[in-house]
Amino acid sequence: MQEPNINDQDDRMTQLIEQHQHLPGALLPLLHAVQQTFGYIPHTTVPAIAEALALSRAEVHGVISFYHGFRSQPCGRHLLQVCCAEACQARGSRELVEHTRQKLGVDFHQTTADGEITLEPVYCLGNCATGPSVRIGDQILGRVDPAAMDRLLDDLTRVPLRFQSQPMTPETSDTKRGAQ
Amino acid sequence: MINVYVPRDTTALSLGADAVADRLAREILQRSLSAQLVRNGSRGLFWLEPLVEVDTPQGRVAYGPVTPDDIPALLDQEMLDGSNSHPLCQGYTEAIPYLQSQQRLTFSRVGITDPLSIADYRNHDGFRGLERALTLEASQIVDEVERSGLRGRGGAAFPAGRKWRTVLDADSERPGQPWSGHKFIVCNADEGDSGTFADRLLMEGDPYVLIEGMVIAGLAVGADTGFIYLRSEYPNAHRILTEAITRAEAEGYLGTNLLGSGRTFHLYIRLGAEAYICGEETAMLDSLEGKRGMVRAKPPLPAHHGAFGQPTVVNNVLTLAAVPTILAEGGQAYADYGMGRSRGTQPFQLAGNLARGGLVELAFGVTLRSLLYDFGGGTESGRPLRAVQVGGPLGAYLPEGHWDTPMDYEAMADAGGMVGHGGIVAFDDSVDMAQQARFAMEFCRVESCGKCTPCRIGAVRGVEVIDRIIADQDRTDNLALLQDLCHTMEMGSLCAMGGMTPNPVRSALQYFPDDFARPTTGNEGG
């Protein structure tokens, strides 16, 4: 993930702010849109957001840092969330988490050295009868045992070189993977 | 043209329903078959997903769980005629005992209709409640909901009619406030409790029933705007609801002139951002307003001082979705189901280690044992069931001795449990209850909003104390300390997060003390 070009970022931010600033309770919808656009919420966007919504920068920062779903740093090419809540625990998610950590060589909230995968916990994807469940992009997968996780990770990281040479957000990379 | 159904519900998709649908569409084309694919909601029989159904003159025939590679053989063996020769045939869907023995009111259409088809919704009794509501005075609508005995399905079980009456009677004039004169309907769709998926199943399988319920609520209390606060962990529900709202607006079921009545109701979705606490109604309201999801002290009640400082109805998805039936059939018809002060039906959700997980909508009063064995079929692992957590992560872990308690708000409370949102998570005998108790504190540590010290700090200390107990350090003193800590959290927290995290911890200690006495396995999980 590269830092968005600063001028492009300003232009996109102006658009996003115009689209969202008049909504009641505009901050969360705007932050979602910023993250959707850039893959994370660059700290350089905070002053513009604060000014547009008549908030202090501290207030905007406070909201970003409160929610697990908002990221201030870029994540890997894929965001892999593993459900760690009780219903998935009852179906083997503790073992799955351990297996995934070892396989990737990272802990939760970390990204693999090759920048491919960021591992995060998630507390319930509403797929509680057919866990363990994981989320990749907007796709939710069920019955993910360690073997299924190995297949998934192989799938995610097996990408033609021409794709790897391009900077892209997690969203677009998932779209491209699905289109192969 | 024969209709073939493949669900577009999250659970079905998570098990490969899209690949099944793609393969089916390709085979239908290649074989020039007279059949069309319908993407329906899920019947909630999750162990059979992806569940493919075929229309026959005698009713739908079900096949499941289907993989793409099963499709050619299924078609060879006359699946489109409803043949039962393939081993995946489950017979007539409606005759599957799991479904046949349910009392589906709120979920009557889920899995049957195309969730986005307004015509389908209308053909299955949709919008009858709204049409009747448009002929009634606001207070008559509230009367009907009061008569039904409907109580909030989010967990707190507060009488919905009384809440609506309060908002109806509230003065919305707040001079100087930006939203003076407005009232709001807020649907709490932040279904964060592990083991619950009924809101999701409903929103993905029958979104118009929620929309209809919210419009009726708006008419009942004089609110012209509604928000669905939806968790971001439900991307599929988000897609379906967004499209449903667009279509409902186009057809006059939302907007400035509801069905030509001159009445107005606008509906918007707001996405959460992975914060469990925002399922608590006051934290949700702060989040809706664009703030950190911090719990508010009550009073003032949201009914008087809710979203943007205005009178607000906050109801769970299932509460609002029960309303169209109540208006269409009358409150008394709904109240005829249930027991004691728990009227109507409750969608129970069978989750965790069960052979037949899924949605079971039944009148209150069914026992946990019946749900676990008659419906759930015991564990999927084949090992004995050992512990069951009812009502989400803040609910108690119940051992077998409590499984004959009827599922009713008061009876469960007497047994030290709670119905909550109706989620039931089953564990087999491989569970380590000390680790489950530790997780309850860990979860509270991660998800506390931080407002109340006993919750914010107590959860951190709770993990440490349980670790010391597991490691056999000063066991007696640390057990006493943990009980003391639980008491402090219970008494010193504003909301259920800190106040009820002690439930799973204490129940694990009380019913499964041996697990705290054995050496740790070193498996700390999430």
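## Terms and model

Buried means under 20% relative accessible area, exposed means over 50%, and partly exposed lies in between (1.4 Å probe, protein chains only). This is a predicted model, where local features need pLDDT of at least 70 and side-chain atom pairs count only at pLDDT 80 or more, while totals for chains, interfaces and linings use all residues. Residues are numbered from 1 along each chain as its sequence is written, chains are lettered from A and ligands numbered from 1 in the order in which they are written, and side-chain values use heavy atoms, with hydrogens and water left out.

## Salt bridges

Side chains of opposite charge can pair when their charged atoms come close. A salt bridge here is a side-chain nitrogen of Lys or Arg within 4 Å of a carboxyl oxygen of Asp or Glu. Over all chains, the count is 44.

## Pairs within helices

Let's visit helix 11 (residues 235–250) of chain B, where Arg247(B) and Glu243(B) sit four residues apart, about one helical turn; helices are DSSP runs of H or I with at least four residues, numbered from the N terminus. Their salt bridge has its closest N and O atoms 2.7 Å apart. Arg247(B) is partly exposed at 34% relative accessibility, and Glu243(B) is partly exposed at 30%.

Helix 9 (residues 198–205) of chain B holds Glu204(B) and Arg200(B), also four residues apart. These two form a salt bridge at 3.0 Å, N to O, and both are buried.

## Another pair and a network

Arg60(B) and Asp55(B) join in a salt bridge at 3.4 Å, N to O. Arg60(B) is buried at 13%, whereas Asp55(B) is partly exposed at 27%.

Finally, a network of salt bridges links Arg23(B), Glu27(B), Arg31(B), Asp69(B) and Asp76(B).

Note on methods. Helices (H or I, at least four residues) and strands (E, at least two) are DSSP runs, numbered from the N terminus.
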